[in-house]
Amino acid sequence: MRTLNYLEVAGWLDRSGIGTSVEHQRAALADRDVEVVTSPWEGDHPVDAVRSKLTGGRAFTDVDLVHCNMIGPGTAATIKHAQRTDTPVILHSHVTREDFRDSFRGANVVAPVLGKYLKWFYSQADLVLCPSEYTREVLQSYPIDAPIRPITNGIDLDRLTGYEEYREEYRERYDIDGMGVFAVGNVFERKGLSTFCRVAQRTDYDFTWFGTYETGPSASAAVRKWTGDPPDNVTFSGWVDDIRGAYGAGDVFMFPAKVENQGIVVLEAMACGKACVISDIPAFAEYYEDGHDCLICSSEREFVDALERLEANPDLRERLGENAKATAREHGLDRVGEQLTDIYGQLLDGNVPEAVGER
């Protein structure tokens, strides 16, 4: 089968969780009997598509199935063309009203309007895929007039190979001593920025957040506050040359996110055998088990207590890390590829995939 796997404005999202998820989809399909094209446009660009149309050609490339990962005008046009040609459409929900809040300056004002748009947008699909049962329930609450199926974002285990080799280099670069507490990803208040910094203020550990952050007009007040004047024991790295360095340097992964649809960075930390201390939110409770592969916390005091337990008990850190590795393996790209291929095949046969809405 020939499928479109489209990420609109991919260049803007290459450092985001959305970009990583799409990379995982494409990598997972690479060894399957699926030909994947990444642009809907004839000639791979909208301008080329217009030229083609004006000279009697076609604007859109021929595919058997459309799988889109963003919510912009290019995607909307692609959906309309697919509907005109009776081509099945999958929309992958990486964006919800809830996880848009507390991201950028003004995001909370825009979020209600975004929710109305997403209700219409996702309802155009023959099937909506999303990263978790939690996200499915969020979309149902809008409500979305389309079947919805959870599927893991997956994790590229090969991408992390050799992370241990970066430990000394990155610990020296970011001045990390002792039990290093760290987070990975774009710095947003939604991802627990204030909690991360306030917990740091209550401890003596070195805290490092590996990831980019906004410095211009779009930066939220919380991001400007904490990155502009961080606690003495907190470092914001900015862009990291090789993400393996972050996972090699840190010892305890702390991610006090307020809202997540799954959290690829949690899976990456787990794959590297790191003890993970994460927030008590639905998506995390769905995939991870407190005391088995992580410690789940509901307050700043609980985060502090968890870090103190892990420092005092290296055996606990090791046990959580080993169990976390097993959890991460359950989300390997082989599983993602198998599920996507099955979903594609059923839609092309005219069937909504089985177990939609089921775990």
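## Starting at K325

Let's begin with K325, which counts as partly exposed at 27% relative accessibility. Its side chain meets that of E322 in a salt bridge, 3.6 Å from N to O. Keep in mind that this is a predicted model. K325 and E322 sit three residues apart in helix α15, so about one helical turn separates them. E322 is partly exposed too, with a relative accessibility of 45%.

## Where α12 meets α15

K325 also takes part in a helix contact: L267, M270 and A271 of α12 touch G321, A324, K325, T327 and A328 of α15. Sorted by type, the residues of this contact are five nonpolar, two polar and one charged.

How are the two helices arranged? Helix α12 (residues 264-271) packs against helix α15 (residues 314-329) at an angle of about 125°, and their axes are 7 Å apart. The pair is therefore oblique, and α12 passes α15 in a left-handed crossing.

## Other salt bridges

The count of salt bridges comes to 17. One of them joins the side chains of D251 and R171, at 3.2 Å from N to O. D251 lies in the loop between α11 (243-249) and β10 (252-255), while R171 belongs to helix α8 (residues 167-173), so this pair ties together parts 80 residues apart in sequence. Both D251 and R171 are buried. With R167, they are linked in a network of salt bridges.

Over in helix α14 (residues 300-312), D305 and R301 are four residues apart, or about one helical turn. Their side chains form a salt bridge of 2.7 Å, N to O. D305 is partly exposed at 33% relative accessible area, and R301 is partly exposed at 38%.

Key
Residues numbered from 1 in each chain as written. Predicted model: local features only at pLDDT ≥ 70, side-chain atom pairs only at ≥ 80, totals over all residues. Heavy atoms only, no water. Axes fitted to C-alpha atoms, helices over the stretch in contact; angles between N-to-C directions. Parallel < 35°, antiparallel > 145°, perpendicular 65-115°, else oblique. Left-handed = near helix turned anticlockwise from the far one by under 90°. Contact = heavy atoms within 4.5 Å. Nonpolar A, V, L, I, M, F, W, Y, C, P; charged D, E, K, R; others polar. Salt bridge = Lys/Arg side-chain N within 4 Å of Asp/Glu carboxyl O. Buried < 20%, exposed > 50% of the residue type's maximum accessible area, 1.4 Å probe, protein only.
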